[in-house]
Protein chains: 2
Amino acid sequence: MTTPLKIVSWNINSVRFRLDIVETFLRDMAPDILCLQETKVVDQDFPTDSFRALGYTHIMLHGQKMHHGVAILSKVPLVEDDRFDWQANQEARHVGVRLESGMRIENVYVPAGGDVPDRAVNPKFGQKLDFLERMTQWSQGLTVPTLLVGDLNIAPLESDVWSHKQLLKTVSHTPVEVAAMDRLKASNSWVDLGRHFFPAPARLHTWWSYRSVDWTVNDRGRRLDHMWATADVAAKATRHHVYEECRSWLKPSDHVPIMTEFAI
Amino acid sequence: MTTPLKIVSWNINSVRFRLDIVETFLRDMAPDILCLQETKVVDQDFPTDSFRALGYTHIMLHGQKMHHGVAILSKVPLVEDDRFDWQANQEARHVGVRLESGMRIENVYVPAGGDVPDRAVNPKFGQKLDFLERMTQWSQGLTVPTLLVGDLNIAPLESDVWSHKQLLKTVSHTPVEVAAMDRLKASNSWVDLGRHFFPAPARLHTWWSYRSVDWTVNDRGRRLDHMWATADVAAKATRHHVYEECRSWLKPSDHVPIMTEFAI
DNA sequence: GAGGAATCGG
DNA sequence: CCGATTCCTC
């Protein structure tokens with residue numbers, strides 16, 4: 001048996017501002033592949049050298065100025081790549097690659113959706129739901145072994161949030177978003193790897209707001225970051241982990257990295 | 001004979017952002033009185049505790065949000081204070097105090113005057129000239145021993161700037177501004193203490209733009225900061241010094257402190 | 001060039 | 001709350 005393949009997803013909230021902690025993470029945890037969201041940098045300014053120096057020589061970027069931006073950094077070869085623009089609005093929210101094994105990795109940053117969970121008064125909420133719908137159409141046609149990772153900005157289950165009741169009208173946990181996410185999930189053989197390894201009602205969070213002084217005090221987290229695998233890929237998953245400790249690092253992202261290990 | 005009284009004036013360009021270097025300066029140079037301009041802070045947010053801790057327990061503030069703002073910090077008692085609003089526009093550009101000796105200190109921040117030295121097209125230039133005119137009217141009525149200090153934003157003499165010819169059309173060294181400053185000076189028994197101790201054509205600068213990478217390279221300075229004393233006060237001045245080294249400190253102001261010592 | 005604030009998106 | 005950007009002033 002070969003050594004397992006470690007794949008990490010992390011909403012980094014500006015890769016340049018947080019280069020220190022990303023480097024620390026890569027040195028300590030040594031994943032084979034790192035998928036980043038919210039890199040907030042155009043491709044020409046992406047700090048590729050820092051990643052190359054750590055052995056991540058295969059780099060696929062889809063950045064834009066100021067907002068959004070995704071990236072895949074890998075120690076193992078990436079043989080193909082795509083940058084979908086599902087909403088044809090030039091927002092850099094997806095980059096996809098194929099590994100030599102044939103498995104694809106699709107790295108996605110779903111729109112946050114604004115504050116008010118109402119399409120009529122908040123266009124951003126509408127955009128979020130539309131984005132999920134376009135992803136669903138794409139997912140229906142998928143036929144290759146695929147790992148979908150990223151910040152999906154939805155915490156679907158009661159145990160995905162610190163208080164189901166208090167967040168029912170909060171964007172990221174509203175029934176209409178969860179329903180949209182459920183349709184996406186049902187559109188293929190998707191396995192939610194987080195819940196595969198830590199079934200509900202286990203507490204599982206990946207994001208804690210910057211707005212509380214100490215994120216650990218009331219632990220008001222949400223599970224916004226996900227890894228979904230098509231059944232063939234999920235069958236090879238051996239381990240899943242959420243690096244909560246990164247939320248306490250100096251100048252942290254509000255999201256922490258999540259990791260799945262595959263026997264490939 | 002008593003120990004001399006050391007009085008410093010410094011345009012600090014945000015007293016909060018530069019608290020470190022102000023504290024260092026006070027510890028090292030130990031003036032009795034520090035007059036600041038461009039404190040850029042409302043009175044309630046002024047870091048008074050830091051100054052009290054260093055022995056500057058007598059504090060007179062005239063601050064405003066974001067722009068301008070002046071302050072007098074003193075180890076010796078301040079027995080009276082004024083905040084003039086010469087242009088009745090609520091800009092915090094003056095604070096004045098009286099010492100127990102009877103001498104007054106008037107701390108002023110004259111408007112910079114914008115880029116174009118033409119009243120017709122640049123209202124800020126007009127405001128600057130108007131401000132000097134109002135100061136002149138005030139100065140004419142002055143009858144008490146007075147030390148006027150501050151950022152007057154004018155370098156009147158050829159040797160007050162790095163190049164008289166190249167700056168003749170640059171705001172701060174235009175003939176019209178110099179004429180206005182001359183009228184102010186002539187309106188009382190004012191003695192320009194800088195030039196009293198370092199007569200022209202000696203080089204005497206107090207400000208170097210942030211825009212050059214290394215301020216020392218071409219030494220493109222200007223003398224924008226001044227100390228003027230009425231004749232009775234000037235007679236007691238024993239020493240004058242410009243702390244140029246502060247321009248090389250970490251996170252410097254673009255102005256450096258100037259100091260006059262008095263045998264009082 | 002540098003600081004501060006307002007704005008936007010999170 | 002946080003980061004990035006834009007605007008303004010000096």
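This is a predicted model: local features need pLDDT of at least 70, side-chain atom pairs count only at pLDDT 80 or more; totals for chains, interfaces and linings use all residues.
Helix α3 (residues 123-140) of chain B gives three residues to the lining of the second largest pocket, the largest share of that lining.

By class, the lining of the second largest pocket holds seven nonpolar, 12 polar and 11 charged residues.

Now for the largest pocket, which contains about 1200 Å³ of space. Here 38 residues form the lining, with Ala112(A), Asp115(A), Asn153(A), Trp207(A) and Arg211(A) closest to the centre. Three elements of chain A, namely α3 (123-140), β10 (207-208) and α7 (215-218), each provide at least two residues of this lining. The lining of the largest pocket splits into 12 nonpolar, 13 polar and 13 charged residues.

The surface near DNA strand C has five nonpolar, three polar and seven charged residues. Sugar or phosphate makes up 74% of the atoms of DNA strand C within 4 Å of the protein, and bases make up the rest.

DNA strand D has 14 residues around it, and Ser14(A), Phe17(A), Arg18(A), Lys124(B) and Arg211(B) come nearest. Of the atoms of DNA strand D that come within 4 Å of the protein, 78% belong to sugar and phosphate. The surface near DNA strand D comprises five nonpolar, three polar and six charged residues.

Which atoms pair up between protein and DNA?

| Protein atom | DNA atom | Distance |
|---|---|---|
| Lys124(A), side-chain N or O | DNA strand C, phosphate oxygen | 3.3 Å |
| Arg211(A), side-chain N or O | DNA strand C, base nitrogen | 3.1 Å |
| Arg211(B), polar side-chain atom | DNA strand C, base oxygen | 3.4 Å |
| Ser14(A), polar side-chain atom | DNA strand D, phosphate oxygen | 2.5 Å |
| Tyr210(A), backbone N or O | DNA strand D, sugar or linking oxygen | 3.4 Å |
| Arg211(A), polar side-chain atom | DNA strand D, base nitrogen | 3.5 Å |

Finally, take a look at Val178(A), which sits in helix α5 (residues 175-186) of chain A. Is Val178(A) buried or exposed? Val178(A) counts as buried because its relative accessibility is 14%, and the cut-off for buried is under 20%. Apart from neighbours within four places in sequence, Val178(A) is in contact with Ile154(A), Ala155(A), Pro156(A) and His173(A). Ala30(A), by contrast, is 148 residues from Val178(A) in sequence, and their C-alpha atoms are 33 Å apart in space.

Note on methods:
Residues are numbered from 1 along each chain as its sequence is written. Chains are lettered from A and ligands numbered from 1 in the order in which they are written. Side-chain values use heavy atoms; hydrogens and water are left out. A residue is near a molecule or strand if one of its heavy atoms lies within 4 Å of it. A polar contact is a pair of N or O atoms within 3.5 Å; within protein, one must be able to donate a hydrogen and the other to accept it, and residues adjacent in sequence count only if both atoms are side-chain atoms. Ala, Val, Leu, Ile, Met, Phe, Trp, Tyr, Cys and Pro count as nonpolar, Asp, Glu, Lys and Arg as charged, and the others, Gly among them, as polar. On a 1 Å grid over the protein atoms alone, a cavity is a set of points where a 1.4 Å probe fits but cannot get out, and a pocket is an open set with protein on both sides within 12 Å along at least five of seven lines; lining residues have an atom within 4 Å of a point. Grid points are joined across faces, edges and corners, and a volume is the space filled by probe spheres set on the points. Helices (H or I, at least four residues) and strands (E, at least two) are DSSP runs, numbered from the N terminus. Buried means under 20% relative accessible area, exposed over 50%, partly exposed in between (1.4 Å probe, protein chains only). Contact means heavy atoms within 4.5 Å.
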